[in-house]
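Hi there,

Here is the structure I promised to pass on. Have a look at it first, and my notes follow below.

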Amino acid sequence: MTPLAAGGAVVALITAGAVVFAVSRSKETPTAQQTPEPIVVTTQEWAPPPTTMTDPTWTTPTSVTPSTAVTEADVRSQVAHDHAVAEGLVGSWVPQLSSKNVGLVVHGVTYDYPAIMEDFRRLQASYPDAVMVDSGDYNNFSRKDFFVTLKAETFGSADQANAWCDQQGFAPEDCHAGRLTHTGGPAGNSKPR
């Protein structure tokens, strides 16, 4: 190789290296004449998940937890809902399953409207024909400020209604025979066990 050719090869090699260096450098660091591409950020507005359950495996819980959202109006709404059935029981012996009022303490539970409704729903889960009445609507109750749960099944006598309470395993203070009436008073319309 002649010295002139070797020198030309060296110059070509140096020039090629400078071009590669300049090109690679321009890609790494922008010069004053180059502007970097703008970064585009897109946002999407957040939406809450749907409020309906579409999962077929979801089921209603079997036990009822009292809700502090239950009010006196809700309890009275239940009484109004059950009124026609209760009126059909007037004059007949039925099992009285519960009698609760606001402020009553039973087994360490102080009853309020949510607890009264939970007590009723628990009984209704076992006895679907259970109804709630306001003791002030009937003359057979001695106290007029109680919400009373009755089983809407009539019996021919107080003893038969009490026998039903025995068969169901209720404690004597939790279930006894009662007869709804609009006339007279408590005497002769309630029989404890």
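Leaving aside neighbours within four places in sequence, alanine 177 touches Trp93, Val94, Ala158, Ala161, Asn162, Ser190 and Lys191. Please keep in mind that this is a predicted model.

Ala177 also belongs to the largest nonpolar core, which has 12 residues in all.

**Aromatic pairs**

Across the whole structure, the search finds 4 aromatic pairs. One of them joins tyrosine 113 and phenylalanine 147 edge-to-face, at 6.4 Å centre to centre and with 70° between the planes. Tyrosine 113 sits in helix 3 and phenylalanine 147 in strand 5 (residues 147-151), so the pair ties together parts that are 34 residues apart in sequence. Tyrosine 113 is partly exposed, at a relative accessible area of 22%, whereas phenylalanine 147 is buried, at 6%.

**The largest pocket**

The largest pocket has a volume of about 580 Å³. Its lining comprises 30 residues, with Gln96, Ser98, Ser99, Lys100 and Glu173 nearest the centre. By class, the lining holds 12 nonpolar, 11 polar and 7 charged residues. Strand 1, helix 3 (113-126) and strand 6 (176-179) each supply at least two of the lining residues.

Best wishes

How values were computed
Residues numbered from 1 in each chain as written. Predicted model: local features only at pLDDT ≥ 70, side-chain atom pairs only at ≥ 80, totals over all residues. Heavy atoms only, no water. Core = buried A, V, L, I, M, F, W, Y, C linked by side-chain atoms within 4.5 Å. Buried < 20%, exposed > 50% of the residue type's maximum accessible area, 1.4 Å probe, protein only. Contact = heavy atoms within 4.5 Å. 1 Å grid on protein atoms, 1.4 Å probe; cavity = no way out; pocket = protein on both sides within 12 Å on 5 of 7 lines; lining within 4 Å. Points joined across faces, edges and corners; volume = space filled by probe spheres on them. Helix = DSSP H or I, 4+ residues; strand = E, 2+ residues; numbered from the N terminus. Nonpolar A, V, L, I, M, F, W, Y, C, P; charged D, E, K, R; others polar. Phe/Tyr/Trp six-rings, centres within 6.5 Å; stacked < 30°, edge-to-face > 60°.
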